[in-house]
Amino acid sequence: QLPFELAIKKVKGDGSRKVAVFSDPDCPFCKKLERDLDKITDVTIYVFLFPIKELHPKAPEMSRAIWCASDRVKAWDEYMLKSVTPKSAKCDDPVDKIVTYGQSKKINGTPTIFFADGKRVPGAIPVERFEEMLSKASGAGKL
């Protein structure tokens with residue numbers, strides 16, 4: 001059901017397990033989750049840029065800069081893990097579409113995680129719990 005063509009697709013290892021994350025680039029909990037996800041292997045992560053302007057006024061602009069970077073995955077990782085701001089580029093970006101989509105699905109906080117079995121988790125969770133849920137969900141194949 002998710003519009004994967006609007007996501008940044010990040011494949012780690014064999015990419016066999018799948019998860020989708022609605023994330024605000026300026027959200028501290030999202031940055032913590034990214035540090036935890038950096039430790040997980042054999043996963044495909046679909047990152048939906050979901051800036052919450054009311055909390056992080058510069059997040060929409062940052063989301064667009066990340067989307068328009070020549071290497072979106074690298075721009076996302078460098079910003080989230082190392083606070084390296086991508087060079088501002090202009091392009092057609094899906095940020096407003098993602099925000100509208102997320103709001104229609106009652107996503108009102110970041111991170112919001114969707115596992116392959118359809119389970120939805122609002123907020124960051126410990127890496128151990130994430131790994132456990134990811135493994136359980138990988139056999140369900142909904143994503």
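**Notebook: a look around the chain**

I started with the secondary structure, and the chain comes to five helices and five strands. I kept in mind that this is a predicted model. Reading along the sequence, I wrote down the pattern β-β-α-β-α-α-α-β-β-α.

**Overall shape**

Next I looked up the radius of gyration. A compact globule with 143 residues would be near 15 Å, and the chain has 14 Å, so the two agree. Along the principal axes, the C-alpha atoms fill a box of roughly 40 × 30 × 25 Å.

I then checked contacts between residues at least 6 apart in sequence, and 76% of them join residues at least 24 apart.

**Inside and surface**

I found that 50% of the 143 residues count as buried. The chain exposes about 7600 Å², and carbon and sulfur atoms supply 51% of that area.

For charges, I noted 25 positive and 20 negative ones, with mean positions 2 Å apart.

Which residues does a cis peptide bond join? I found Thr110 and Pro111, with omega at about -10 degrees. Pro111 sits in the loop between α4 (95-104) and β4 (112-115).

I looked up Lys106 in the loop between α4 and β4. Its phi is near 65 degrees, a positive value in a residue other than glycine. Is Lys106 buried or exposed? Lys106 has a relative accessible area of 65%, and the cut-off for exposed is over 50%, so I put it down as exposed.

My last stop was Ser83, in the loop between α3 (72-82) and α4. Ser83 is not a glycine, yet has a positive phi of about 60 degrees. Ser83 is exposed too, at 54% relative accessible area.

Definitions and conventions: Residues numbered from 1 in each chain as written. Predicted model: local features only at pLDDT ≥ 70, side-chain atom pairs only at ≥ 80, totals over all residues. Heavy atoms only, no water. Helix = DSSP H or I, 4+ residues; strand = E, 2+ residues; numbered from the N terminus. Rg over C-alpha atoms; globule rule 2.2 N^0.38 Å. Buried < 20%, exposed > 50% of the residue type's maximum accessible area, 1.4 Å probe, protein only. Contact = heavy atoms within 4.5 Å. Areas by Shrake-Rupley, 256 points an atom, 1.4 Å probe, with all protein chains shown as cover. Lys, Arg positive; Asp, Glu negative; His and termini not counted. Charge placed at Lys NZ, Arg CZ, Asp CG, Glu CD.
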